[in-house]
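Dear colleague,

Please find the structure below, handed over for your study. My notes on what was found in it follow directly after.

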Amino acid sequence: MQDPANASQGNAAGSERPRHAVVIGQGVVGCAVAIEAMRAGMRVTVVDPEPAGAEHAASYGNSGWLSSHSVLPPALPGAWRNVPVWLADPLGPLAVRWRHLPRALPWLLRYLASGWTEARVQRTADALRRLLRDAPSLHRQLAAEAGVPELIEQRGLLHVYRSRAEFESETLGWRVRSRAGVTWEEWDAATLRAREPDLNPRYTFAVFVAEAGSCRDPGAYVAALAKHVQWLGATVVRARAEGFRVEGGRLRAVRTQSGEIACDAAAICAGARSAALAASVGSPVPLESERGYHVQVAAATGGPRTSMMAADGKLIVHAMNGRLRAGGQVEIAGLAAPADWRRADILYAHLRTMFEGLPPTADAPGVQRWLGHRPSTPDGLPCIGPATATRDVVLAFGHGHVGLTGSARTGRWAAEWLSGRQPAEWTAAFGAERFR
Ligand SMILES: Cc1cc2nc3c(=O)[nH]c(=O)nc-3n(C[C@H](O)[C@H](O)[C@H](O)COP(=O)(O)OP(=O)(O)OC[C@H]3O[C@@H](n4cnc5c(N)ncnc54)[C@H](O)[C@@H]3O)c2cc1C
């Protein structure tokens with residue numbers, strides 16, 4: 001059978017040949033894993049049927065937050081009370097489509113259970129903090145190496161509230177963050193007004209997290225990382241990975257549409273489409289798409305000075321290289337269901353209440369809408385670590401709402417696992433075995 005990677009790169013002979021790792025997926029996670037695997041001395045082949053940085057991937061259309069403080073799982077204690085609303089209101093900030101409910105139910109039950117008590121939430125937060133703590137500086141390093149330092153900024157992130165009381169209704173979350181080591185400033189109405197003059201004055205309270213960062217253009221960032229991966233010497237194969245050939249517990253090859261790629265190790269970084277590949281190497285992981293939307297306005301005048309999350313609309317507003325993007329919404333409807341653009345319109349309507357001077361509707365010229373698939377586990381923690389059937393295959397997916405942020409540290413951890421070592425900071429909270 002044709003071996004596209006070996007054909008194009010040749011094969012070093014003898015026992016000194018570097019370990020050959022195949023990275024499946026070229027979203028932000030796959031790019032970071034590929035860079036770190038090359039840095040660790042491996043020969044790398046990246047497999048993805050789609051071009052890097054393009055609209056098909058979650059990594060393209062996210063909100064650009066490098067939020068080292070986003071350590072809460074999506075479900076918090078008492079979330080079960082919202083279940084009737086999730087089912088009844090197809091346009092609420094979180095909605096479950098009835099047709100998808102039978103398939104999603106086991107995932108949803110685990111999702112609720114993982115946030116059942118504050119102690120469970122704290123465990124997740126402490127684990128996530130290990131992964132995210134230094135994300136802004138790791139991304140600054142990656143962006144500088146890839147020749148795009150201007151795409152990553154570390155100027156803090158803002159959460160805006162209509163009142164202090166609204167902030168206090170989220171006390172549990174901020175208490176958990178504080179115990180995990182997050183610090184912040186609280187801004188009163190006058191400070192907020194001085195710092196964010198274009199923001200609607202109905203917002204009178206804000207939390208500023210100085211340690212956090214942001215990306216000015218996630219699609220361009222991923223494209224630059226992918227280019228860097230090739231510059232470092234990796235081979236890119238435009239094909240879909242379909243499975244693995246494992247013999248005697250050792251990985252022999254990754255099977256793709258266009259033939260096998262002989263290799264010593266592989267990383268599954270296929271985002272929301274990773275579950276079947278992981279199950280084929282003994283690691284069934286409950287993975288759902290938490291579908292999210294963005295709406296983007298070209299050449300907007302006015303907007304936030306600091307990227308911000310509005311507590312009332314549960315959306316992030318971010319000025320990106322001359323465009324204004326509002327991202328959010330969670331829709332549980334599977335990977336195949338068509339987009340419900342009314343959800344993007346909701347984001348747009350909310351955005352217009354925050355900043356003046358935007359076109360009247362989301363279908364106006366210069367306004368763009370996008371749907372993407374967050375690769376989400378029910379407990380809000382990604383799977384990073386070896387597969388059950390062979391330690392030669394490493395899982396690196398399931399980053400849900402924090403995949404851009406968490407990709408840099410994931411790259412380092414996954415590269416260590418690909419070299420056969422357990423990373424010092426890793427804990428079993430990231431292992432797929434937790435779902436057994
Ligand atoms: C609206 C929205 C806002 C968000 N905001 C933020 C934010 O502000 N900050 C943050 O940190 N995160 C955010 N996220 C989450 C973040 O975007 C994702 O967690 C992250 O992009 C996941 O990256 P990934 O590389 O795992 O997956 P993807 O970017 O989806 O990439 C997966 C890649 O795998 C490829 N692939 C799939 N199947 C195969 C196969 N069989 N063989 C080979 N290749 C395959 C795909 O073609 C794709 O290129 C947001 C997400 C959404 C939807």
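Strand E19 gives four residues to the shell around the ligand, the largest share. Helices (H or I, at least four residues) and strands (E, at least two) are DSSP runs, numbered from the N terminus. Please note that this is a predicted model, in which local features need pLDDT of at least 70 and side-chain atom pairs count only at pLDDT 80 or more, while totals for chains, interfaces and linings use all residues. Residues are numbered from 1 along each chain as its sequence is written, and side-chain values use heavy atoms, with hydrogens and water left out.

The shell holds 37 residues, of which Asp-48, His-56, Ser-59, Gly-400 and Thr-405 come nearest to the ligand; a residue counts as near if one of its heavy atoms lies within 4 Å. By class, the shell has 17 nonpolar, 15 polar and five charged residues. Here Ala, Val, Leu, Ile, Met, Phe, Trp, Tyr, Cys and Pro count as nonpolar, Asp, Glu, Lys and Arg as charged, and the others, Gly among them, as polar.

The protein buries 95% of the 1000 Å² that the ligand exposes when taken alone (Shrake-Rupley method, 1.4 Å probe).

The second largest pocket has a volume of about 410 Å³. A pocket is an open set of points on a 1 Å grid over the protein atoms alone, where a 1.4 Å probe fits, with protein on both sides within 12 Å along at least five of seven lines; lining residues have an atom within 4 Å of a point. The volume is the space filled by probe spheres set on the points. Helix H5 provides four residues of the lining, the largest share.

Finally, the count of aromatic pairs comes to 12. Rings of Phe, Tyr and Trp (its six-membered ring) pair if their centres lie within 6.5 Å; planes under 30 degrees apart count as stacked, over 60 as edge-to-face and the rest as tilted. The rings of Tyr-60 and Trp-370 have centres 6.1 Å apart and planes at 55°, so this pair is tilted.

With kind regards
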